[in-house]
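User: Could you take me through this structure? I would like to begin with the ligand surroundings.

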Amino acid sequence: MNICIIGTGYVGLVSGACYSDIGHNVTCIDINKEKIESLNKGIVPIFEPGLEELIKKNVKADRLKFSIEFEQGIQGANIVYLIVGTDPLSNGETDLTYLKEAAKSVAKYLTDYKLIAIKSTVPVGTCRKIKKLITKEAGHSNFDIASNPEFLREGSAISDTFNMERAVFGVETDRAEKLLRKLHEKFKTKVVVTNLESSEMIKYAANAFLATKISFINEIANVCEKVGADVTKVSEGIGLDHRISPFFLNAGIGYGGSCFPKDTSSLVKIAEEVGYDFKIVKDVERVNYEQRFKVIEKLKEAIGGKLKGKRIAVLGLAFKPNTDDMRGAPSIDIIYKLQQCEANIIAYDPIASENAKKIIPNLKTTNSILEAANGAHALIILTEWPEFQDIDLEVLEKIMDNNVIIDGRNVFSISMMKSLDFYYASIGRET
Ligand code: UGA
């Protein structure tokens with residue numbers, strides 16, 4: 001099939017690379033000329049394991065192209081995907097400016113039938129609005145609109161796409177469904193076919209539910225600490241029940257990223273607009289916000305209240321491992337708070353330091369764990385990068401000024417820490 005993707009952001013690039021890899025001809029369009037020029041030279045602007053190789057492979061095989069020419073991409077395409085940014089505005093509403101602009105550009109070159117599929121996360125009702133807009137701009141309705149949300153995670157986006165557990169098609173006609181089925185044939189995945197609104201809602205409900213699991217286990221963790229229970233064992237014990245499942249039950253400093261915070265607040269807003277107060281999701285957000293500051297409380301308890309002038313090593317800045325993405329990272333608020341307390345912070349992250357420095361003014365970073373820990377009064381872990389598990393704790397004992405570790409991601413086992421001379425506090429487990 002011939003596929004045109006409007007928008008070469010994170011999801012657009014991953015989708016384009018994966019669709020071309022299963023044999024479709026894909027043209028990715030973007031208005032950003034420099035970005036397209038770089039992509040044509042094989043330079044990928046984001047960090048995602050395997051993406052650069054996949055793009056290079058499919059560009060070489062002539063199945064994947066990048067262009068700024070809408071006409072070139074749209075003409076001859078069976079499906080045109082709109083995958084542009086839909087970030088929230090300062091009032092919490094979703095900014096549909098880019099989506100509307102992209103829709104107008106498509107309308108301009110809509111000479112024969114096309115399926116126009118929206119993969120950007122959009123408030124319920126948006127696909128229908130975009131359909132009206134395109135009909136008006138094109139002067140005809142010889143097209144179908146579809147909602148086809150994505151469920152991929154940063155850091156494992158390629159394998160999440162190739163091994164998708166389900167595809168959701170929000171469609172209005174058999175023709176649209178057939179085209180989407182054909183595109184997804186090789187993924188051999190389960191398909192849910194529904195109307196536009198339900199498909200749009202599935203995306204929000206999925207992310208809000210996962211966020212709810214995280215806030216729920218974080219609250220269980222907070223109670224565990226008070227009653228002598230261990231949250232990792234509680235997660236294991238409940239996760240073996242297949243109705244609950246073991247995933248998204250890791251207690252810690254809460255969720256971040258560009259999706260859960262945005263989608264939970266959009267869902268609250270969507271509900272508000274139809275006069276419904278979405279109480280659970282509001283609490284999920286509140287619990288998540290408060291959870292990040294637990295590490296500061298624990299730090300103060302460990303080093304006797306005052307943080308002023310204390311050297312604090314921060315390990316991990318990204319909102320989760322395997323990404324350099326700092327959007328919505330809990331580390332931002334935690335570091336701001338430490339800065340307010342006039343702590344002397346020195347941070348280490350394998351790849352997110354540069355992005356972190358763009359967001360957090362005056363942040364000092366190092367290139368190694370040991371450099372950060374050297375002479376520190378305390379070390380706090382904010383992202384569970386796999387390399388942190390291999391830290392030589394005996395070396396840390398020697399180089400730190402005061403042996404305090406506050407583990408916001410439960411990286412180390414309690415039994416191992418007991419054999420060493422550290423004050424060790426984690427989340428939902430004994431100190
Ligand atoms: C999330 C969803 O998992 C994807 O299915 C969805 O497609 C994506 O949002 C999106 O809407 O685009 P992502 O934000 O990349 O993906 O990251 P996750 O792996 O889901 O992690 C989100 C946050 O939850 C991270 O900060 C992570 O540290 C935190 N988390 C996750 C926990 O605190 N505990 C857990 O048990 C799991």
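Analyst: The shell around the ligand divides into 10 nonpolar, 6 polar and 4 charged residues. Here Ala, Val, Leu, Ile, Met, Phe, Trp, Tyr, Cys and Pro count as nonpolar, Asp, Glu, Lys and Arg as charged, and the others, Gly among them, as polar. Please note that this is a predicted model, in which local features need pLDDT of at least 70, side-chain atom pairs count only at pLDDT 80 or more, and totals for chains, interfaces and linings use all residues. Residues are numbered from 1 along each chain as its sequence is written.

User: How many residues surround the ligand, and which are the closest?

Analyst: There are 20 residues around the ligand, and the closest are Glu154, Asn250, Tyr255, Gly257 and Cys259. A residue is near a molecule if its C-beta atom, placed from the backbone, lies within 6 Å of it.

User: Which helix gives the largest share of the shell?

Analyst: Helix 9 (residues 196–227) does, with 3 residues. Helices (H or I, at least four residues) and strands (E, at least two) are DSSP runs, numbered from the N terminus.

User: And which domains does the shell draw on?

Analyst: At least three residues come from each of domain 1 (2–194) and domain 2 (203–289). The chain also has domain 3 (292–425); these bounds come from an automatic or database domain assignment.

User: How many residues of domain 1 are in contact with domain 3?

Analyst: 4 residues of domain 1 are in contact with 7 residues of domain 3, contact being C-beta atoms, placed from the backbone, within 7 Å. The domain 1 side comprises 2 nonpolar, 1 polar and 1 charged residues. The centres of these two domains, taken over C-alpha atoms, are separated by 39 Å.

User: Changing topic: what is the strand order in the open sheet of 5 strands?

Analyst: The order is 10-9-11-12-13, with parallel pairing; two strands pair if DSSP finds at least two bridges between them. Strand 10 (344–348) and strand 13 (423–425) each have a single partner strand, so one side of each lacks a neighbour in the sheet.

User: How many bridges join strand 9 to strand 10?

Analyst: 5 bridges join strand 9 (residues 311–315) to strand 10, and the two run parallel. Val314 stands opposite Ala347 in strand 10.

User: Which strands does helix 13 lie across?

Analyst: Helix 13 (residues 294–303) lies across strand 11 (378–381), strand 12 (404–407) and strand 13, at about 165° to strand 12. Axes are lines fitted to C-alpha atoms, for helices over the stretch in contact, and angles run from 0 to 180 degrees between N-to-C directions.

Note on methods:
Contact = placed C-beta atoms within 7 Å.
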